Amino acid sequence: MKTALRAASARLLKVTAAASALALAAACSTSGLKQDKGSPWAPGDDHRQEAADGLVVGHRLMAAGEHELALEAFTRAALDHGLTAEVLSGMGSAKLGLRRLGQAEDLLRQAVDADPAWPEPMNNLGVALIERGKTAEAVQVFQRAYALDNGESDAIRDNLRLALAKLENPAHSEPQKEDYKLVRQGSGSYLIREAP
């Protein structure tokens, strides 16, 4: 009985060793696992593909309203591109969409400092400021953004108009309920509108 058991164990060990060697050889080959036509097995992964650019993914996710995922994509983009004005602006805009206004303001200020001639992050900074109740500073930021944009952006013009109206008519007697929402614009700007 012991001899038969030893013989069976030896055969099993040889088969296992042969299968392991075959799998190791297939994994180490440069061509990888190939999919034969009509094979029931799934093809292997192709690890030669490059990942999509985090900036592109982040902008697409922002357009879809997926601010948390966009923030993750912009954070990954920072690893590839560094903290450029576009990455900082994307991260700040995503934080703005998540209503993390203090963090959004900090990131958007950094974006404006990195590229002072770019009106989109300046506009988004103005939105963050007005949402935080810093209306006078928001008006100045919107005016700079509008001047840099040469008055071509309707979103920046509307934001400036709303900020000026809010600055001229502050509520002194009764606190007014101000329901504003952020609406994604095509170039990455946000427009303040009264909620219905």
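The legends below describe close-up views of helices in a predicted model.

**View 1. Helix 8, its start and its buried residues.** Helix 8 runs over residues 154-168, and its 15 residues reach 21 Å from the first C-alpha to the last, close to the 21 Å expected at 1.5 Å a residue. At the start of this helix, a side-chain oxygen of Ser153 comes to within 3.4 Å of the backbone nitrogen of Ala155. Ala155 is itself one of the buried residues of helix 8, which also include Ile156, Asp158, Asn159, Leu160 and Ala163.

**View 2. The packing of helix 7 against helix 8.** Two packed helices are described by the angle between their axes and the distance between the axes. For helix 7 (residues 135-148) and helix 8, the angle is about 150° and the axes lie 9 Å apart. Because angles over 145 degrees count as roughly antiparallel, helix 7 is roughly antiparallel to helix 8. Helix 7 passes helix 8 in a left-handed crossing, and the contact is made on the helix 7 side by Thr135, Ala136, Val139, Phe142, Gln143, Ala145 and Tyr146, which meet Ile156, Arg157, Asn159, Leu160, Ala163, Leu164, Lys166 and Leu167 of helix 8.

View 3. Ala163 is buried, with a relative accessible area of 0%. Leaving aside residues up to four places away in sequence, Ala163 touches Ile130, Thr135, Val139 and Phe142.

View 4. Helix 2 passes helix 3 in a left-handed crossing. In the contact, Gly54, Leu55, Val57, Gly58, His59, Leu61 and Met62 of helix 2 meet His67, Leu69, Ala70, Ala73, Phe74, Ala77 and His81 of helix 3.

**View 5. Helix 4, a mostly covered helix, and the residue Arg99 just after it.** The 13 residues of helix 4 (residues 85-97) should span 18 Å at 1.5 Å a residue, and the end C-alpha atoms are 18 Å apart, in agreement with that value. Eleven of the 13 residues are buried, namely Ala85, Val87, Leu88, Ser89, Gly90, Met91, Gly92, Ser93, Ala94, Lys95 and Leu96. Just after helix 4, Arg99 takes a positive phi of about 65°.

Notes:
Residues are numbered from 1 along each chain as its sequence is written. This is a predicted model: local features need pLDDT of at least 70, side-chain atom pairs count only at pLDDT 80 or more; totals for chains, interfaces and linings use all residues. Side-chain values use heavy atoms; hydrogens and water are left out. Helices (H or I, at least four residues) and strands (E, at least two) are DSSP runs, numbered from the N terminus. The expected span of a helix is 1.5 Å times one less than its number of residues. Buried means under 20% relative accessible area, exposed over 50%, partly exposed in between (1.4 Å probe, protein chains only). A polar contact is a pair of N or O atoms within 3.5 Å; within protein, one must be able to donate a hydrogen and the other to accept it, and residues adjacent in sequence count only if both atoms are side-chain atoms. Axes are lines fitted to C-alpha atoms, for helices over the stretch in contact, and angles run from 0 to 180 degrees between N-to-C directions. Angles under 35 degrees count as roughly parallel, over 145 as roughly antiparallel, 65 to 115 as roughly perpendicular and the rest as oblique. A crossing is left-handed if the near helix is turned anticlockwise from the far one by less than a right angle, and right-handed if clockwise. Contact means heavy atoms within 4.5 Å.
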